[in-house]
Amino acid sequence: MKKVIILVGLLLAMAHSASAEQRGVFMEIHRKSIPGKNMSVNRSPMRLPIKVVYDSDTHKIEVMGDESIKAEVFLYNANESLEDYSSSLNTEFTVFDLGTYSIQIQADEWYAEGKIEIE
């Protein structure tokens, strides 16, 4: 009986530590159209050195990127209300409420959007 209790305790401890993890957030990047500028069609996806990660253990959404990229970061809650804002790309947001959050990164010539589900 003691072995069963110890085994169940170990499994519960492992389940708790397995649930605390970092998850990457998929960001869809779009190029802004500039009126009056004739741009050729570029069919390859735009790639930027930006990484967005949610850490369920610390309840933080971390946005990381190259220091040379000038962009603003907006965090919206499930009601599409502005939850938090940063004027620089490298930032952290702390979220405690459950639900869906939208992240929008805006620069002069492009913007990126992503969603994360906090459970």
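## About the model

Because this is a prediction, local features need pLDDT of at least 70 and side-chain atom pairs count only at pLDDT 80 or more, while totals for chains, interfaces and linings use all residues. Residues are numbered from 1 along each chain as its sequence is written, and side-chain values use heavy atoms, with hydrogens and water left out.

## The overall layout

The protein has one helix and nine strands (DSSP runs of at least four residues for helices, H or I, and at least two for strands, E, numbered from the N terminus). Along the sequence, the order goes α-β-β-β-β-β-β-β-β-β.

Out of 119 residues, 27% are buried, meaning under 20% relative accessible area with a 1.4 Å probe, protein chains only.

## The nonpolar core

A nonpolar core is a set of buried Ala, Val, Leu, Ile, Met, Phe, Trp, Tyr and Cys residues joined through side-chain atoms within 4.5 Å. The largest one here has 22 residues, and Val 52, Ile 61, Leu 89, Ile 103, Ile 105 and Trp 110 touch the most other members. E9 gives the largest share, four residues.

## A buried Asp

Now look at Asp 55, in strand E3 (residues 50-55). Asp 55 is buried but has no salt bridge, and the nearest side chain of opposite charge, Lys 60, sits 8.9 Å away. A salt bridge needs a side-chain nitrogen of Lys or Arg within 4 Å of a carboxyl oxygen of Asp or Glu. The Asp 55 side chain does reach the backbone nitrogen of Asp 57, at 3.0 Å.

How values were computed
Buried < 20%, exposed > 50% of the residue type's maximum accessible area, 1.4 Å probe, protein only. Lys, Arg positive; Asp, Glu negative; His and termini not counted. Polar contact = N/O pair within 3.5 Å; in protein donor to acceptor, adjacent residues only side chain to side chain.
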